[in-house]
Amino acid sequence: MEALRANYQVIQRPAFNVAYVGFNQKKKPLDNPKIRQAIAHALNREALIKAKYPPGSVVAHEFLPPEVEGYNENVTKYDYNPDKAKQLIAESGVTNPTIEFWYPTAVSRPYMPDPQANFQAFKADLEKVGFKIVPKSAPWRPDYNNATQSGAAAMFLLGWTGDFGDADNFIGVFFQKANPQFGFENKEIFSLLDKAENEIDEAKRVEMYKQANEVIMKFLPGVPYAHSGPFLVFTKNVQGYVPSPVTTELFATVSLTS
């Protein structure tokens with residue numbers, strides 16, 4: 001191990017992804033906003049990241065990574081608060097709330113290295129505040145992807161790694177139009193994202209995406225919980241490499257020392 005450390009260097013790629021617990025609002029009781037809020041307050045995201053994510057990973061408070069313009073520090077945040085979660089369940093009018101919770105098998109993703117561990121941690125958090133969780137799992141491809149994308153899954157673990165550095169590639173992909181995965185109609189969100197995508201003034205566009213993030217996190221179509229930066233390993237003689245958040249590997253600046 002010491003020999004490996006002596007000969008290799010580790011470089012962290014900027015976090016350019018988001019992991020989230022998604023809600024299909026066509027599946028009761030996820031249509032109830034207080035139930036969605038209760039789930040958000042019940043999840044101990046920080047504990048999960050400390051236990052299961054690599055150094056440099058951070059708790060996500062919105063679907064957009066901090067590196068992307070349009071990120072909004074002032075969105076509604078749902079800090080870990082089991083008592084608040086219990087209060088919201090009581091206020092919801094839903095007795096004995098039962099939810100199917102899906103997670104994928106036979107896969108590891110940059111934003112979700114160990115899906116089963118994430119599921120087990122969140123299941124325990126939710127049961128602690130009074131939810132009954134019905135586990136559902138399926139192989140990542142094609143069964144799990146088909147279940148989430150078609151709207152068959154109620155609550156589910158999923159995420160996204162950006163293709164390029166624009167807010168439209170995150171919240172636009174998720175929420176610009178009706179999506180079976182999330183099962184809701186919200187004309188305010190759809191309209192905001194349409195206008196932002198078509199705005200040519202950069203400063204106005206950024207402000208529009210900030211506004212959209214604020215509206216999205218009040219509406220709460222899911223709970224973002226992690227941004228994680230993958231690691232790259234090079235020999236010690238590689239100099240000048242600049243990691244790309246979107247895995248566009250440029251080596252023009254790289255040199256090798258003897």
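**Ground rules.** I count residues from 1 along each chain as its sequence is written, and side-chain values use heavy atoms, without hydrogens or water. Because the model is predicted, local features need pLDDT of at least 70 and side-chain atom pairs count only at pLDDT 80 or more, while totals for chains, interfaces and linings use all residues.

**Sheet.** I looked up the strand order first. It is β4-β3-β5-β2-β6, an open sheet of 5 strands with mixed pairing. Helices (H or I, at least four residues) and strands (E, at least two) are DSSP runs numbered from the N terminus, and two strands pair if DSSP finds at least two bridges between them. The edge strands, each pairing on one side only, are β4 and β6 (222–226). From one strand to the next the twist averages 30°.

**Pairings.** I then went through the individual strand pairs. β3 (residues 98–105) runs parallel to β4 (residues 132–139), joined by 8 bridges; P104 stands opposite A138 in β4. β3 also pairs with β5 (residues 155–161), in the parallel sense over 2 bridges, and there W102 has F156 as its bridge partner. β2 (residues 17–23) pairs with β6 in the antiparallel sense over 4 bridges; G22 has G222 as its partner in β6.

**Helix pair.** Next I checked α8 (residues 187–198) against α9 (residues 202–219). Their axes come within 9 Å and cross at roughly 160°; axes are lines fitted to C-alpha atoms, for helices over the stretch in contact, and angles run from 0 to 180 degrees between N-to-C directions. In the contact (heavy atoms within 4.5 Å), residues including I189, L192 and L193 of α8 meet residues of α9, among them M208, Y209 and F219. The residues of this contact divide into 10 nonpolar, 1 polar and 4 charged. I took Ala, Val, Leu, Ile, Met, Phe, Trp, Tyr, Cys and Pro as nonpolar, Asp, Glu, Lys and Arg as charged, and the others, Gly among them, as polar.

**Backbone.** Last, I listed backbone details. The peptide bond from K28 to P29 is cis, with omega near 5°, and P29 lies in the loop between β2 and α2 (33–42). The bond from R141 to P142 is a cis peptide bond with omega near 5°; P142 is found in α6 (residues 140–150). N96 is not a glycine, but has a positive phi of about 50°; N96 lies in the loop between α4 (82–92) and β3.
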